[in-house]
There are 2 protein chains.
Amino acid sequence: MQPTQPTTLAPRVLARDLGTVEAGSPATLAGWVHRRRVLASVTFLVLRDRSGLAQVVVKDDATVAQIAGLPEETVVEVTGTVSANPAAPGGAELVEPTVRPLTEPAAAPPVELWRPTFGAGLPTHLDHAAVTLRHPRHRAAWQIAGASLRGFRSALGSLEFTEIATPKLVGTATESGANVFTVDYFGRTAYLAQSPQLYKQMLVGVFERVFEVGPVFRAEPHDTVRHLAQYTSLDAELGFIRDHRDVLAVLRAAVAGMVEGITTYAGDAAALLGVELPQVPEEFPVIHFRDALAKVGADPDEPDLSPAHERALGEWARTAYGSDFLAVEGYPMTKRPFYTHPQPGDERWSNSFDLLFRGLELTTGGQRLHRPSDYTAAMARTGTDPSVLAGYLDAFEHGMPPHGGFAIGLERWVARLTGAENVREVTLFPRDLHRLEP
Amino acid sequence: MQPTQPTTLAPRVLARDLGTVEAGSPATLAGWVHRRRVLASVTFLVLRDRSGLAQVVVKDDATVAQIAGLPEETVVEVTGTVSANPAAPGGAELVEPTVRPLTEPAAAPPVELWRPTFGAGLPTHLDHAAVTLRHPRHRAAWQIAGASLRGFRSALGSLEFTEIATPKLVGTATESGANVFTVDYFGRTAYLAQSPQLYKQMLVGVFERVFEVGPVFRAEPHDTVRHLAQYTSLDAELGFIRDHRDVLAVLRAAVAGMVEGITTYAGDAAALLGVELPQVPEEFPVIHFRDALAKVGADPDEPDLSPAHERALGEWARTAYGSDFLAVEGYPMTKRPFYTHPQPGDERWSNSFDLLFRGLELTTGGQRLHRPSDYTAAMARTGTDPSVLAGYLDAFEHGMPPHGGFAIGLERWVARLTGAENVREVTLFPRDLHRLEP
């Protein structure tokens, strides 16, 4: 019965810091056996920890023999003497080591993780994710995701957005009846939320500016490279706007924050993957949907932009504005959800936008209706039963400001940055039509 | 087709900043009609925005008549002249106002939101949450939650933890078969994850230090003041520890970060609710489970601490250590999950802990098994089929460091800080046995 002993984490040096230790001093590394290179007169042990790689030089016969019995991925603690070596990672290596395994010898991984390029296909990666995510390139992709989250929250936090947590179990499949998972909820039927849309709007009535980072669920019956049954949505919503352009200004701040987050917290990961981070302009260039159709030579009655149109618009934005980003505003009301605010003066169009990033849709956003009478009309127009949305309509009957918001899919953002062809490559444990494990 | 017009948010002054505007200058406020006080010669309009309350003084007959038609919760923009008044919130008020409603007149709220104390019971609050969350006391409770999240992430970010996002749809009800929701997953049965436990352990193998803030799901069949069907779990896990005491040191940093987050970002909210923030000691005092039983005069064979025992221990920690916190370590192995690491030298006990906060359990944590042979033995002992955990056991067969972690329930933390008797009071839209709306 005594206070906690002074607990420090193990007195280890991280791989990236080995070069900062004075040559000749003792040091302890801990991590995974990343690679063993056995030469005639020396064995190199490359050790991997969360910070990177470090080289250990082994010459004595006993330790060489010991290491022969410690396969790649075995977890070890290595104590030795720091020695300068410009050819080693960080300019230093550990010599005359004592190696202490912290676990049993590891089984051979399904693929050699030390090779610079992951040497197997996507199914192998996903089937053995707990191990294959350790490959530096896979790990780097998620480090970019994590850093993006950090930058997103930092940007919105400094704009006084309040973080919220909304229900993922809902009583009605409100946004659309399709692609929704059903849950046995104490004998009743519940649904997994497809987005926090209705809740984030309600909470604008409480906090004015809100954001949520969380899972959303889509029972997507198609097997594509872009869809997941669960993905991470970065949602924001704010009140007291003039129109969707104010939303776009906040989106710009959020995207700039994400890029800054990557620069600050995942610069090495971005470099490893050859990610060319975008310059985020002071303002996103904007084109009206109607003008976008004309620009790409599409029929003026087209209700949407095709992927080829989006690519062409992305190229145009790069040429005309030097921008990786282009906002397309004014999408036809017929293609937008019931809560969409029309464009004042011409209600064929909406006060909504898509943001294209390098010619691909990154996010959708816009202004929402805020007057209760507009909701009554929208319910009637779309044939929605108001009683199933009673808790939501409550907010509007009791005073809601003009507001709008957006949602960014984290996995798509990272896939586009890293050039991954399939969002599954940059998702920790993806879920889809066929995959529920691991 | 032109770049975004320079969009700034509406040129408004927030209520909290009104006192910083030079007296005699014009200013525009925007927000909700919080309260109208009609006196013989003057009408006071109290306006609420995200930052607080501001007073508007109305004397001319036309505006007095206009305001009579704008019930509480109507959203308005008010332009007037700033006038110093030491009796007004922030030391200033707006006089000679022009009032512009931004929505239709609001319906009367189910309860008067301007009264200092919420004047209705919990069912009314929860049934009308979109409106009743606007009550300053309800809003303050969640501001404390949001600030706690911010502080938690900041503390772990500075310790180089990587944020993760793990599957909420899982193929096996791994941790326990009870209290799990089933989902129709493309014709198969899936389950909603009860915690990210297995995934955060696997990801220690990738990033060493990970955390996740996200929803967890419990099909809790009991109607209690402490249980929700969905709550927000603050999970952390780290590798290369010596034992559970290293986990406890990180937990201390996380809790200190949460308290600091509240101080920094929700100081006003904490003051409004009379929250007495705890001092977080440099180290949490620790008592062994065996000694804790003796201290409270319980039978030494008791497998757990009762709520009365926890209260008594909390009082003792306050007296003996001046601490609101007490860690109880060494809980019997029989009461802990299969992945729990035993206490070296006496395997009746475990390297796990509960953290008591003011005599109530706040969080559970500890060291986990890391050797594959230990998992094989644990599976056999608890009668678990290893094949259903293949993706998880993969991590251990391929090298995992000694590791451990903890999980904090956000709603319980806020309930204990604010003295709420029911976690539903501090949850935005709670889900339970009976409630799936709004």
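**View 1. V183(B) and A190(B) are bridge partners, the latter lying in β10(B).** This is a predicted model, in which local features need pLDDT of at least 70, side-chain atom pairs count only at pLDDT 80 or more, and totals for chains, interfaces and linings use all residues; side-chain values use heavy atoms, with hydrogens and water left out, residues are numbered from 1 along each chain as its sequence is written, and chains are lettered from A and ligands numbered from 1 in the order in which they are written. Strands β9(B) and β10(B) pair in the antiparallel sense over four bridges, where pairing requires that DSSP find at least two bridges between two strands, and where strands are DSSP runs (E, at least two residues) numbered from the N terminus. Two residues lie between the strands of this hairpin, in which F186(B) takes a positive phi near 50°.

**View 2. Strand β10 (residues 188–192) of chain B also runs antiparallel to strand β8 (residues 169–170) of chain B.** Two bridges join these strands, and V170(B) has Y191(B), in β10(B), as its bridge partner.

**View 3. Strand β9 (residues 182–185) of chain A pairs with strand β9 (residues 182–185) of chain B.** The pairing is antiparallel and extends over two bridges, with T182(B), in β9(B), as the bridge partner of D184(A).

**View 4. R153(B) and E163(A) meet through their side chains in a salt bridge.** The N to O distance is 2.6 Å, and the count between chain B and chain A is ten salt bridges, each defined by a side-chain nitrogen of Lys or Arg within 4 Å of a carboxyl oxygen of Asp or Glu. Helix α4 (residues 136–158) of chain B gives the largest share of the side of chain B that touches chain A, namely nine residues, a helix being a DSSP run of H or I with at least four residues.

**View 5. The contact between the chains takes 123 residues from chain B and 123 residues from chain A.** Contact here means heavy atoms within 4.5 Å. The area buried between chain B and chain A, that is, the accessible area (1.4 Å probe) that the two parts lose on being put together, summed over both, is about 10,300 Å², with carbon and sulfur atoms giving 58%.

**View 6. Residues 1–10 of chain A have pLDDT under 50.**

Technical notes: pLDDT = per-residue confidence, 0-100.
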